[in-house]
Amino acid sequence: MGLDKIWVFAEAQGDSVASISLEILAKAREVADTVEVFMAGHGDDHAEELGDHGATAVYVTGDLDGSLQGSAVATAVAAGIEAGDFDLPDAFILGTTQDGRDVAGRLSVKLDAPVITNVVDLEFDGDTLVGTEPVFGGSTNVKTRFTSDKVGIFLVRPKSFEAESTGGAEADVEDLDVPDLGAAGEAKITDSFAEETEGPRLDEAAIVVSGGRGMGEKDAFSMIEDLAKILGAAPGATRAIVDSGWVPYSYQVGQTGKVVKPTVYIASGISGATQHLVGMKGSKNIIAINKDSEAPIFAVADLGIIGDVHKVMPKLIEALNNR
Amino acid sequence: MKVVVCVKQIPDPADPGELDPDTKTLKRDVKLILDESDSYGVEMALQLVDDAGDGEVHLVSMVPNNEVSGLRTALAMGAAGATLISDECLSGSDALGTAKVLAKAIAAQEPDLVLSGTESSDGYTGTVPAQIAELLGLPSVTFAKEIAIDGGTAKVKRQTEAGYDDVECPLPAVVSVTAGVVEPRYPSFKGIMAAKNKPVEELTVEALGVDPAEVGWAGSRQDIIDIAAAPVREAGEIIEDEGDAHERIVAFLDELKVL
Ligand SMILES: Cc1cc2nc3c(=O)[nH]c(=O)nc-3n(C[C@H](O)[C@H](O)[C@H](O)COP(=O)(O)OP(=O)(O)OC[C@H]3O[C@@H](n4cnc5c(N)ncnc54)[C@H](O)[C@@H]3O)c2cc1C
Ligand SMILES: Cc1cc2nc3c(=O)[nH]c(=O)nc-3n(C[C@H](O)[C@H](O)[C@H](O)COP(=O)(O)OP(=O)(O)OC[C@H]3O[C@@H](n4cnc5c(N)ncnc54)[C@H](O)[C@@H]3O)c2cc1C
């Protein structure tokens, strides 16, 4: 049991390796003898951190000059395999991120390889790797494996595995040649904007305080921000209020937003739709405030308060302020 | 300007049916509707053609069972016509097989721009748009929250983890649109009546020129080996607020030593 070699797609987040990539490395190490990384950009910046998380080599494209990663990374990997610069791994694993899906989609066409997506666990059935995929908004788990001997591509959801430092040596840096991409490579980033946020990152915070449509109006979201500030927490939101323009998308928790697993998740005026639950039900403790005793959020809450957010929240903020 | 929009027809998410334990596919005997995630692409396309002053919106959809009700909804919104690839052998298709079929049908339309959703509501692999682009040798910009066409260039605000990037891309190109970025119009009565007479070209996989071995279960090269209910979280203590519930929350946070 165990695969010979897995290739993991890594993404940078500022100067560091994104946590999703480190999470995948931890699992990849468990299921394969050799784990190597491929990524856009320069390897020297990340070789130490990647090595420390179990990668022995990192294949890099170098500067992409603003090009989106999908076409460049997938084409470079396929060309390298074709040229015999390196052997085809037994599997590719990427994160369910914007760029991860672009690279996976293009790579699947280049290699005519199928994808198994939204994976939250990987395990062996005999000697084939099987991915667990939550479907119907997380109410059902299906386990899927590839049936051909061709390489397969797994896309893993964030927070499925725990990143782990192994103390491994710095990864070897190898170059991936990016061939002429033709028209496919012509999408270029001309500028980048980050939403201003204070406090911890939503997907890393120990406490998350989220608000939903039950907050009533945009201005009432300030109660969420206030409580988050007092607790050193990150504010979060449902898609309902992101779509309504109360808060930016970067606040969204759920299937099409961020996956969070904090020590405490406080859901205020949130009904608990399956697409929201799938992003937060891995939290260690869940507190829910909702005026409807039938709200599905109560089915996952460790502490449920049936009440009006406009009464409970101000008192909670005041009580914590007075400590 | 000719815009092709990929629209998936899916079981109503409010009543998604279930996975058939024998075939391991969704039981599709339920009525299919326009995936809400694709209503944004349709709306975006209609607005872009409006802004351009001329052109049309053409729909492309793939189903195993010649369903058209979702297409009719999008036609009623204002699309001019549609291509429906319908074939029993498409049942069980994976994302790559789907992309191969859609790419062929899209190419036949020679579009200036191809729009899709970022991810469907039922399968949500989120890989089909990039696969279509790669099959067509086109650039792609996924996760668009805003699109403007300036001459032969698409200027896109692309959602990122932290905010957004401005991305520029020559046409023709594939752009996937995130949910909630435009307000899809409701079909008017006139639109609904007109949609009944709009052309829907129905093609089999073979007529399209795709090898049936590359689609459906045969082509998917993956196998579901287990379907099980996800473990449920135990509900905890539920109390009714009598004006002092905040004290219970503070005590709970104290017990967790997070204060
Ligand atoms: C493909 C797809 C993807 C999706 N992805 C996501 C996602 O990533 N994240 C996400 O969150 N959603 C997602 N959704 C949307 C999801 O289905 C729900 O519509 C959404 O989560 C509901 O948000 P809400 O709980 O804020 O609003 P509602 O469902 O409207 O709930 C509001 C709640 O507030 C309560 N309430 C009202 N007033 C008060 C008051 N004064 N005090 C206390 N409680 C009050 C009500 O009882 C109700 O339970 C997705 C949907 C689809 C179809
Ligand atoms: C629960 C579930 C899990 C699945 N898991 C996998 C998996 O792991 N790997 C895999 O390869 N397949 C999987 N599938 C199958 C896959 O969802 C379908 O093959 C589907 O036809 C294409 O993928 P998608 O809907 O996920 O596309 P996405 O990439 O999520 O869709 C993005 C956009 O592509 C367009 N599009 C997608 N399908 C069509 C269509 N039929 N007609 C017109 N436009 C379309 C739409 O604009 C859509 O918004 C799964 C299906 C289900 C129901």
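Predicted model: local features only at pLDDT ≥ 70, side-chain atom pairs only at ≥ 80, totals over all residues.
Contact between the two domains involves seven residues of domain 1 of chain A and seven residues of domain 2 of chain A. On the domain 1 side, Gly137(A), Arg157(A) and Lys159(A) lose the most area to domain 2, together 69% of what that side buries. The domain 1 residues that touch domain 2 comprise two nonpolar, three polar and two charged.

Chain A also has an interface with chain B, where 77 residues of chain B are in contact with 84 residues of chain A. The values for both interfaces are listed below.

| Interface | Buried area | Share on carbon and sulfur | Salt bridges | Residue pairs in polar contact |
|---|---|---|---|---|
| Domain 1 and domain 2 of chain A | about 690 Å² | 49% | zero | three |
| Chain B and chain A | about 7000 Å² | 56% | eleven | 42 |

Among the salt bridges between the chains is that of Glu36(B) with Arg239(A), in which the closest N and O atoms are 3.3 Å apart. On the chain B side, the residues touching chain A divide into 38 nonpolar, 18 polar and 21 charged.

Strand pairing also links the two chains: strand 13 of chain A (residues 188–194) runs antiparallel to strand 9 of chain B (residues 163–170), with six bridges between them. Within this pairing, Lys188(A) has Glu168(B) as its bridge partner in strand 9 of chain B.

Note on methods. Residues numbered from 1 in each chain as written. Chains lettered and ligands numbered in written order. Heavy atoms only, no water. Contact = heavy atoms within 4.5 Å. Buried area = accessible area lost by both parts, 1.4 Å probe. Salt bridge = Lys/Arg side-chain N within 4 Å of Asp/Glu carboxyl O. Polar contact = N/O pair within 3.5 Å; in protein donor to acceptor, adjacent residues only side chain to side chain. Nonpolar A, V, L, I, M, F, W, Y, C, P; charged D, E, K, R; others polar. Pairing = 2+ DSSP bridges. Helix = DSSP H or I, 4+ residues; strand = E, 2+ residues; numbered from the N terminus.
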